[in-house]
Amino acid sequence: MSQTSAMPEERRVVTVLFADVMGSTALGEELDPEDMRALLALYYATAKDVVAQHGGTVEKFIGDAVMAVFGLQQAHGDDPERALSAALELRDRVRSDAKLGERFPIRIGVNTGEVVAAREHDAGDFLVTGDVVNVAARLQQAAAPWSVMCGERTARAARATFAFADRISLDAKGKRQPVSAYALNGRLDRPSALRVPLLGRDADLEQLELVARRAFAEQRPFLVSVIAPAGTGKTRLLEEFLDRLPRTHENAQVAIAQCLPYGQRLTYWPLRAVLYRLVGLTEDALPTQVREQIAAWLARNDFAGHGATANLLAATVGAGEGEVTDRAALFSAWRDTIEFASTRGPLVLVFEDLHWSADSLLDLVEYVMQPRADAPVLMIALTRPELLDRRPNWGGGRRNHLALTLEPLAESAVTRLVEHLLESARPDVVQRIVKRSEGNPFYAGELVRSLIERTSSLTDVRAVEEALANLPDTVQATVLARLDLLDASSRRVLQVGAVFGRTFRVRGVAEVDGLDDASVALLCQDLIIKDLVRHVGSDDYTFRHILIREVAYQTLTRGERARLHAAAGRWLEAQATGREEALAELIAYHYREAVGRVPREAARSHRFVHPPCTGSRRRRKRLPPAPRRLRPRGTFERRSS
Ligand SMILES: Nc1ncnc2c1ncn2[C@@H]1O[C@H](COP(=O)(O)OP(=O)(O)O)[C@@H](O)[C@H]1O
Ligand SMILES: [Mg+2]
């Protein structure tokens, strides 16, 4: 999958977890070294398992301290949440362990920030350098036993799913500024969100409703795949569809299988919620009850062979009497069940975030789509385009498959969204955010949120610009996750292309990076298929979204940026004959960047540099005064987007 190894060094935003055992020195005195060693081995193994389950990597064991990093080789888009979830699980597992629980009161620090990651050549290990690591250690020292202390950026990124205590301020050795810290209270039961009304998407909603009507009226199963990158609004569209469903189909049953990005021990785990919903099982049902109730549900409805089917279904959700080994039997049990459930009323079956699903689950979804009988079933799969990398023919050849690709949200809708969230129709600020989010409502919401957090008034022009120039970590993470899925050479094209700006030429990239045109052109074809760039002219490509360019650029170290800008400047100069005048400013820009302006403190590396807009220079407009203090209206929910 990811091959970031091609880059010797990269800048990245990661989340670091530090855990250590309180009072271990005293414990070391008290215990025999061999016993201590055995306990430590158990503790390390637990930590390793938990971290791996959440997609992180254990970086070091130092004495009784564990350091793990999330988002290092592969950003997931939700690494702060993963780290917190891992922290809670590690704490709970150690605390409830018969051997460790009494003796190993651990405390944990979690912090998010930028590092330079370098791969050590021989070992293939990463070396992570950055202040974020020291601060994570400091946070951990400030945590009470069995508790988790988080840094500012972690808490910000994870606030939609986790609850934190009020901010406290820690003095940290060797740091001029005190460090903000938030004790983790736990997971939020229901992610907090005040929903914004659905804006735009009329045609998409109508199309979904039309398919539903046909599937139900004609008793013909349909699969609709709603495909779009993270944050485009797949989940929101589905919510609206489901909210409106009872108006036309009062007796419709809805079951949702949520695929998870991590911590998933069972391939078919997402089906658990479906089964529980259909059968009417409750969360606390014991495995034997699960089997009995499924059998009873099937029997009550005269389902032939209900005993064997009940066992298979129970096995899918980890409540069976043995492992599932017969895949064919399992698949047909599920198909039977879905057809059977639909005899009681129209059935809507949703697979959310299917791009995260295991291959076997994809096979199962495709299989149950080939119905043998008339059945009013509508299956809806919400997925990012990454699914098509794994399954280029997803849904293809099926008679009843519809691929609904969500386009970016219309500018007018994003404008209304931003005005709503900002509680202000100040055109300058609104338009800036709209422009920057380019039709991605998640980005728009996060930009509004970070603006509100960072500035107290919209009249402070500098503060507004500063806040908008800083890319929120949540946005950075979702984009980086996509880039990390690319193979090294495609990723490199984006990185080098980003040095040129929003638009780049194949020749330029090839020249600057010492490649031949043909291979770069080929890689660009792949990037088009992945919807990361668009072809805009004979040799010109442009980043599909401005933020893709920014994030790709940010992964370059300062040294690398300087080198590439110098090479870009030279290449442009060579091209300039006869057009010197027109290109002068651009060439000068590259040379300026090559000299490497020493970043001010404010120029935190996740701040990016805009190439100059050719033609008119950017003018700073004064913003009209704000009538009242900024206050967030609906909070933005950050689900698994
Ligand atoms: N059409 C829309 N109108 C209003 N808000 C929207 C719309 N589409 C998305 N949003 C909001 O944008 C954010 C991201 O949308 P979401 O549906 O979670 O994206 P996805 O599921 O594609 O990752 C959510 O907070 C959602 O409520
Ligand atoms: Mg979603």
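Reader: How many aromatic pairs does a search of the whole structure find?

Author: The search finds nine aromatic pairs in this structure, which is a predicted model.

Reader: What about F504 and Y541: how far apart are the ring centres, and at what angle are the planes?

Author: The ring centres of F504 and Y541 are 6.2 Å apart and the planes meet at 20 degrees, so this pair is stacked. The pair links distant parts of the chain, since F504 belongs to strand β15 (residues 503-505) and Y541 to strand β17 (residues 540-543), 37 residues apart.

Reader: And are those two buried or exposed?

Author: F504 has a relative accessible area of 1% and is buried. Y541 also counts as buried, at 4% relative accessibility.

Reader: Which residues do ring pairs link into a cluster?

Author: The cluster consists of Y43, Y44, F61 and F104.

Reader: What sits over the ring of Y553?

Author: The charged end of R549 does, 4.7 Å from the centre of the Y553 ring.

Reader: Turning to ligand 1, which residues come nearest?

Author: There are 20 residues around ligand 1, and the nearest are L199, G231, K234, T235 and R236. Helices α7 (234-248) and α16 (441-454) each supply at least two residues of this shell. The largest share, three residues, comes from α7.

Reader: Where are polar atoms placed against the oxygen atoms of ligand 1?

Author: For G233, a backbone N or O atom lies 3.0 Å from a ligand oxygen. A polar backbone atom of K234 is 2.8 Å from an oxygen atom of ligand 1. With T235 the contact is through the side chain, where a polar atom lies 2.7 Å from an oxygen of the ligand. Taken alone, ligand 1 exposes 550 Å², and the protein buries 97% of that.

Reader: A change of topic: what is the phi of W146, and where is this residue found?

Author: W146 has a positive phi of about 65 degrees, although it is not a glycine. Most residues other than glycine have a negative phi. W146 is in the loop between α4 (131-142) and β6 (148-151), and is buried at 18% relative accessible area.

Reader: What about Q219?

Author: Q219 is not a glycine either, and has a positive phi of about 55 degrees. Q219 lies in the loop between α6 (202-217) and β10 (222-227) and counts as partly exposed, at 36% relative accessibility.

Reader: Finally, which residues of helix α12 are buried, and what do they pack against?

Author: In α12 (residues 359-368), the buried residues are L361, L362, L364, V365, E366 and V368. They pack against α8 (270-279), α11 (327-341), β12 (347-352), β13 (377-383) and α13 (386-390).

Definitions and conventions. Residues numbered from 1 in each chain as written. Chains lettered and ligands numbered in written order. Predicted model: local features only at pLDDT ≥ 70, side-chain atom pairs only at ≥ 80, totals over all residues. Heavy atoms only, no water. Buried < 20%, exposed > 50% of the residue type's maximum accessible area, 1.4 Å probe, protein only. Helix = DSSP H or I, 4+ residues; strand = E, 2+ residues; numbered from the N terminus. Contact = heavy atoms within 4.5 Å. Phe/Tyr/Trp six-rings, centres within 6.5 Å; stacked < 30°, edge-to-face > 60°. Lys NZ or Arg CZ within 6 Å of the ring centre and 35° of its normal. Near = heavy atom within 4 Å. Polar contact = N/O pair within 3.5 Å; in protein donor to acceptor, adjacent residues only side chain to side chain. Areas by Shrake-Rupley, 256 points an atom, 1.4 Å probe, with all protein chains shown as cover.
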